Amino acid sequence: MTIQVRIPTPLRRLTDGADEVSIEAENVGALIDNLEAAHAGMKDRLCDDKGDIRRFVNVYVNDEDVRFLKGKSTILKEGDEVSIVPAIAGGAL
Amino acid sequence: MSIVRALKCRECGSEYEIAPVHVCEFCFGPLEVVYDYDALGEGFTRELIESRPQNMWRYKELLPIEGEPTVGAEVGFTPLVRAKNLEKVLGVKELYIKNDAVCYPTLSFKDRVVSVALSKAVEFGFTTVACASTGNLAGSVAANATAAGLKSYVFIPHDLEVGKVVGAGVYDTSIVAIEGQYDDVNRLCSEIAGKYPWAFVNVNVRPFYAEGSKSYAYEIMEQLGWKAPKHVVVPMASGSLCTKVDKAIKEFVKLGLVEDAGTAIYGAQATGCSPIARSVKEGTDLIHPVKADTIAKSLAIGNPADGYYANRVMKESGGWSEDVSDQEIVDAIKLLAQTEGIFAETAGGVTLGVAKKLIEQGRIPRDESIVICVTGNGLKTLEAVQDQINPVRTIKPSLKAFDPLAEADLAANK
């Protein structure tokens with residue numbers, strides 16, 4: 001199924017400037033692999049040596065952080081929106 | 001003279017030219033401003049600093065702007081109060097409150113970071129500024145932007161205290177409330193910042209913004225008579241202040257402005273949102289994001305971006321972390337008000353509550369200098385204590401009506 005993925009500014013060099021791309025995937029892990037296939041260099045940016053999502057990368061499925069779902073095993077369905085957002089510090093302290 | 005060298009990734013060390021960027025393109029790590037301290041030479045002395053006006057810009061060489069500030073030129077130099085009454089209650093020898101509840105102009109520590117961020121935004125040529133905020137930052141961005149002739153947007157969670165909403169809206173900013181928690185606001189703002197050409201103080205100009213926090217610790221050291229404290233208790237939301245207090249102390253030691261006192265840094269959180277405190281107490285450096293649920297809304301960041309670094313600062317400095325319940329927060333707000341006459345917001349209650357706990361646990365010794373960081377004003381979070389004050393007694397405007405009341409108080413030895 002086709003998933004819309006929002007791409008943050010630091011990664012748009014890999015997508016020819018596109019802020020959104022369409023990717024086929026069954027779950028978040030596959031989505032990252034398929035992103036890599038379509039836009040080489042993505043996986044290194046998103047995942048560490050062990051293949052885990054990097055500490056400073058947040059991946060959201062329909063506005064929910066995948067750390068609160070099933071991480072890379074989080075199942076995706078048609079029409080889901082995925083957003084990749086660099087972690088940022090707060091408006092508080 | 002600016003001694004800023006570059007932006008450097010805290011994770012992989014890649015360096016970038018000074019620009020409105022906050023994330024490493026290679027590993028997504030956060031970027032931090034780094035300086036060429038040697039370029040300062042011999043001229044940056046205590047005497048030079050003391051000769052300057054009493055505001056945060058007396059340390060301007062260590063803040064990341066070019067030339068003079070264009071926004072917030074009067075911010076900072078808030079009182080460091082020797083808390084004699086509180087010392088007695090807590091049974092400690094030397095206790096200070098660094099009181100940013102009276103920071104100019106919007107009564108929170110946020111004026112420090114905002115004046116750096118907006119001065120930098122003006123340098124970069126931005127005309128619209130914005131922020132994701134739990135309240136204090138919204139007010140500060142709105143006020144300072146208006147004064148500087150900048151347009152502003154502030155994004156807040158929908159359930160903020162009235163004082164914080166009005167305290168931003170009055171400056172004619174565009175307030176957008178988000179149906180969600182602060183972490184949702186943060187994420188949305190990160191996406192907006194990727195689309196609109198605005199200076200988001202805590203997104204694309206965050207590396208500069210965060211440096212403003214250092215002025216808080218510089219002042220503490222100068223006000224202690226050019227000494228670093230032995231113990232500092234800092235409130236934590238993202239964990240940023242914790243890391244910047246550490247950086248500021250190390251800079252002053254490196255520049256020979258203070259002696260190394262081996263300062264231990266302690267982080268305070270509310271139990272209802274304590275991902276960083278938990279990581280320290282559990283002895284890990286993994287921060288598990290949480291869904292925040294606390295009255296200390298200004299600290300309610302469930303996914304703290306600087307948590308990992310704050311954790312490391314506490315460990316390496318010999319500090320620790322604790323958290324307190326909502327009731328303990330309220331009790332601490334009242335304790336501070338009723339001993340020192342300082343009305344702190346909920347975050348201040350968290351910090352004092354945690355300090356008290358750490359002293360009772362023996363983690364902070366009773367005979368060494370302790371600084372408690374109060375970063376916001378209680379008038380903005382009245383909801384937290386409004387049901388817990390002494391009852392108001394309403395009487396007719398006559399002495400006859402007042403006398404029995406006074407007699408009753410006298411009898412009750414009030």
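Helices and strands are read here as DSSP runs, helices being H or I with at least four residues and strands being E with at least two, numbered from the N terminus. Keep that in mind as we walk through this predicted model, in which local features need pLDDT of at least 70, side-chain atom pairs count only at pLDDT 80 or more, and totals for chains, interfaces and linings use all residues. Residues are numbered from 1 along each chain as its sequence is written, chains are lettered from A and ligands numbered from 1 in the order in which they are written, and side-chain values use heavy atoms, with hydrogens and water left out.

Let us start with chain A. It has 2 helices and 5 strands, and from the N terminus on they follow the order β-β-α-α-β-β-β. The radius of gyration of chain A (taken over C-alpha atoms) is 13 Å, close to the 12 Å that the globule rule gives for 93 residues, so chain A is as compact as a globular protein of that length. That globule rule is 2.2 Å times the number of residues to the power 0.38. Along its principal axes, the C-alpha trace of chain A spans about 40 × 30 × 25 Å.

How much of chain A is buried? Buried residues account for 49% of its 93 residues. Here buried means under 20% relative accessible area, exposed means over 50%, and partly exposed lies in between, using a 1.4 Å probe and protein chains only.

Two residues of chain A show both ends of that scale. A:Asp16 sits in the loop between β1 (2-6) and β2 (20-24) of chain A, and it is exposed, with a relative accessible area of 79%. Its phi is near 55°, a positive value in a residue other than glycine. A:Ile84, in strand β5 of chain A, is buried, with a relative accessible area of 4%. What does A:Ile84 touch? Leaving out residues up to four places away in sequence, its partners include A:Val5, A:Leu11, A:Leu35 and A:Val57, and also B:Phe28 from the other chain. Contact, by the way, means heavy atoms within 4.5 Å.

The side chains of A:Glu81 and A:Arg6 meet in one, at 3.1 Å from N to O. This pair links distant parts of the chain, with A:Glu81 in strand β5 and A:Arg6 in strand β1, 75 residues apart. A:Glu81 is partly exposed at 39% relative accessible area, and A:Arg6 is partly exposed at 22%.

Now let us look at where the two chains meet. In all, 32 residues of chain A are in contact with 46 residues of chain B. The size of an interface is often given as the accessible area lost when the parts come together. Between chain A and chain B the buried area is about 3100 Å², of which carbon and sulfur atoms give 58%; this is the area lost to a 1.4 Å probe, summed over both parts.

How many salt bridges cross the interface of chain A and chain B? The rule finds 5. One of them pairs B:Arg187 with A:Asp63, their closest N and O atoms being 3.1 Å apart. The side of chain A that touches chain B receives two or more residues from each of α2 (42-46), β3 (57-61), β4 (64-65) and β5 (81-86). Of these, β5(A) gives the most, with 4 residues. Another bridge joins B:Glu11 to A:Arg55, with the closest N and O atoms 3.4 Å apart. B:Glu11 lies in the loop between β1 (4-9) and β2 (15-16) of chain B and A:Arg55 in the loop between α2 and β3 of chain A, so the pair joins two chains.

Finally, a visit to chain B. The side chains of B:Asp306 and B:Arg206 meet in a salt bridge at 3.2 Å, N to O, and both residues are buried. B:Trp226 is found in the loop between α8 (214-223) and β10 (231-235) of chain B, where it counts as buried at 8% relative accessibility. Its phi is near 60°, again a positive value in a residue other than glycine. Our last stop is a cis peptide bond between B:Tyr104 and B:Pro105, with omega about 0°; B:Pro105 is in the loop between β5 (94-99) and α3 (110-124) of chain B.

Methods: Buried area is the accessible area (1.4 Å probe) that two parts lose on being put together, summed over both. A salt bridge is a side-chain nitrogen of Lys or Arg within 4 Å of a carboxyl oxygen of Asp or Glu.
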